[in-house]
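Student: Before we talk about packing and pairing, could we go through the terms one at a time, setting each value against its definition?

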Amino acid sequence: MTEATAILDLSAHLPVDTFQLEIRRPGTDKPVGWVIELAGPAHPQTIALNNESTRDAIEKEKAIEFAQVNGRKWKTEDETVADRRRQNVTKVCRRIVGWSPNPTFTIVSPDPIPFTLENAVNLFLRPELGSFFVQVTDYLTSERAFTRPSSQT
């Protein structure tokens, strides 16, 4: 390459650190006024979650290998459907940075519910809030997740 070659800076195409997801009324495109802030792929919360998942997988692989090498049978942990569901919902909720305003769900509490990981998990475990949870998971798994708006590129 010569000095006359232009420098190609792709920084504007990197994912944003967080995204404000406007929750919509189920079955419509109308915002309900609740905004959930989600952690992007390079956000410290996402990195910590990914590192923890990888460490857990490595530890499990080591334990299985150790059992096999020593001629022992590997016994899986007893896990219920509810346990697995809570684990999966918790992983998604760990990508939530916060929300505003604090929503009120009278089926849960007459008072607004502030964001905490525990509150998020308990809300999204409720089947009647499934359509809101699906909006979060759909965004996190979408191809365009955390891409900068075209006005910023």
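Tutor: Helix H2 passes helix H3 in a right-handed crossing, a crossing being right-handed if the near helix is turned clockwise from the far one by less than a right angle, and left-handed if anticlockwise. This is a predicted model, in which local features need pLDDT of at least 70 and side-chain atom pairs count only at pLDDT 80 or more, while totals for chains, interfaces and linings use all residues. Residues are numbered from 1 along each chain as its sequence is written, and side-chain values use heavy atoms, with hydrogens and water left out.

Student: What makes the contact between H2 and H3?

Tutor: With contact meaning heavy atoms within 4.5 Å, H2 contributes Arg 85, Arg 86, Val 89, Thr 90 and Cys 93, and H3 contributes Leu 117, Ala 120, Val 121, Asn 122 and Phe 124.

Student: How do you know that E1 and E2 pair?

Tutor: Two strands pair if DSSP finds at least two bridges between them, and strand E1 (residues 18–24) and strand E2 (residues 31–39) have 6 bridges in the antiparallel sense.

Student: What makes E1 and E3 the edge strands?

Tutor: The 3 strands form an open antiparallel sheet in the order E1-E2-E3, and E1 and E3 each pair on one side only.

Student: Why is the aromatic pair of Phe 19 and Tyr 139 called stacked?

Tutor: Rings of Phe, Tyr and Trp (its six-membered ring) pair if their centres lie within 6.5 Å, and planes under 30 degrees apart count as stacked, over 60 as edge-to-face and the rest as tilted. Phe 19 and Tyr 139 are 4.3 Å apart centre to centre with 10° between the planes, and the pair is stacked. Phe 19 lies in strand E1 and Tyr 139 in helix H4 (residues 130–141), so this pair ties together parts that are 120 residues apart in sequence.

Terms used: Helix = DSSP H or I, 4+ residues; strand = E, 2+ residues; numbered from the N terminus.
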